[in-house]
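Student: Before we discuss this protein, could you show me the sequence and the structure, and then take me through the terms as we need them?

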Amino acid sequence: MRIDVITLFPEFMAQSASLGVVGRAAERGLLDLHGWNPRDYAEGNYRRVDDRPFGGGPGMVMLIEPLRACLAAAKAADPTPAPVIYLSPQGKPLTQAKVRELAALPRMILLCGRYEGVDERFLAAEVTEEISIGDYVLSGGELGAAVIVDAVTRLQEGALNDAESAAQDSFEGPQGLLDCPHYSQPAQHEWGDVPDVLRSGNHAAIARWRRQQSLLRTWLRRPDLLDESQLSKADRKLLAE
Ligand code: SAM
């Protein structure tokens, strides 16, 4: 998958995408990440990318023209069509379902705002959709872009080793439940022992325990995710035990 990121800090994106699962996926050719800096497309000695807002008030606004030239260059670098996604606190909240949708695309372009944001006319003319990573305000869209890059990359086939399989993760599966608790060595510890069932070697009992834990955790921590009418009879029984 190709991801182009329009940002005043391309080095931030390069660094955050060089580590762990994402870095390994890039090495394997599963992620092709490109940074584009609007400052490289700004005119004049100062290469200005922002100016004061009409109507007064605090902060600066990202200018149309450097962004327009930068986006045109990013689009021209590859013929594959790509949605232009603006990271914005005003966008639709990012969910795992949206991540899955984006992960299936061959390419996308992420636009990171700074200051008070981007001139509204650029957004209206060029942006396909706006995505928020949560109800709080960041100084820039780069962290949001890094979140999307990570979440979609780990869903690319071959990005995860078997041990890290995404299928067991929270929000995955038909009911989108939370993941069950995990334990490793030592089996006995001053902070508690690993549940016996996980050491029993009884695969059916382990699967049942994990399913029950997922159901319980979702019910306790994120009841908004649990649509009990969608649960099977067996799941409803597990939850009631
Ligand atoms: N004035 C804007 C508003 O209140 O909607 C906030 C601007 S914010 C200081 C600067 C940039 O950070 C935004 O243009 C956006 O790209 C990014 N940003 C801030 N919060 C975000 C969030 N929750 N999700 C995604 N991007 C965010």
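Tutor: Let us begin with a definition: a residue is buried when its relative accessible area is under 20%, exposed when that area is over 50%, and partly exposed in between, with a 1.4 Å probe and protein chains only. The model is predicted, so local features need pLDDT of at least 70 and side-chain atom pairs count only at pLDDT 80 or more, while totals for chains, interfaces and linings use all residues. Residues are numbered from 1 along each chain as its sequence is written, and side-chain values use heavy atoms, with hydrogens and water left out.

Student: What makes arginine 47 count as buried, exposed or partly exposed?

Tutor: Its relative accessibility is 38%, and therefore arginine 47 counts as partly exposed. The residue is placed in the loop between β2 (32-36) and β3 (50-51), where helices (H or I, at least four residues) and strands (E, at least two) are DSSP runs numbered from the N terminus. Arginine 47 also has a positive phi of about 45°, although it is not a glycine.

Student: And how do you know which class tyrosine 115 and threonine 95 belong to?

Tutor: Tyrosine 115 has a relative accessible area of 39%, so it is partly exposed. This tyrosine, found in the loop between β6 and α5, has a positive phi of about 60° although it is not a glycine. Threonine 95 has 41% relative accessibility and therefore counts as partly exposed too; its place is the loop between β5 and α4.

Student: Why are the buried residues of helix α4 said to lie on the same side?

Tutor: The buried residues of α4 (residues 96-103) are Lys98, Val99, Leu102 and Ala103. They cover an arc of only 135° around the axis, which puts them on the same side of α4; the arc is that of the directions from the helix axis to the C-beta atoms. These buried residues pack against β5 (84-93), β6 (107-112), β7 (129-132) and α6 (142-153), where contact means heavy atoms within 4.5 Å.

Student: How do you know that the buried residues of α2 line one face?

Tutor: In α2 (residues 20-27) the buried residues are Val22, Gly23 and Ala25. Seen down the axis, they fall within an arc of 160°, so they line one face of the helix. On the other side of α2, Gly20 and Glu27 are exposed, whereas the cover over the buried residues includes α6. Just after α2, glycine 29 takes a positive phi of about 80°.

Student: What makes a group of residues a nonpolar core?

Tutor: The term describes a set of buried Ala, Val, Leu, Ile, Met, Phe, Trp, Tyr and Cys residues joined through side-chain atoms within 4.5 Å. The largest nonpolar core has 22 residues, of which Ile3, Met108, Leu110, Ile148 and Val152 touch the most other members. At least two residues of this core come from each of β1 (2-6), β5, α4, β6 and α6, and α6 gives the most, with six residues. A second, separate core of 18 residues includes Leu67, Cys70, Ile109 and Leu111.

Student: Which residues does leucine 110 touch?

Tutor: Not counting residues up to four places away in sequence, leucine 110 touches Ile3, Asp4, Val5, Ile6, Ile85, Leu87, Ala145, Ile148 and Val149.

Student: Why is an open space called a pocket and not a cavity?

Tutor: On a 1 Å grid over the protein atoms alone, a cavity is a set of points where a 1.4 Å probe fits but cannot get out, whereas a pocket is an open set with protein on both sides within 12 Å along at least five of seven lines; lining residues have an atom within 4 Å of a point. The largest pocket holds about 490 Å³ of space, a volume being the space filled by probe spheres set on the points, with grid points joined across faces, edges and corners. Its lining has 25 residues, of which Tyr86, Leu87, Ser88, Pro89 and Glu116 lie nearest the centre. The largest share of that lining, five residues, comes from β5.
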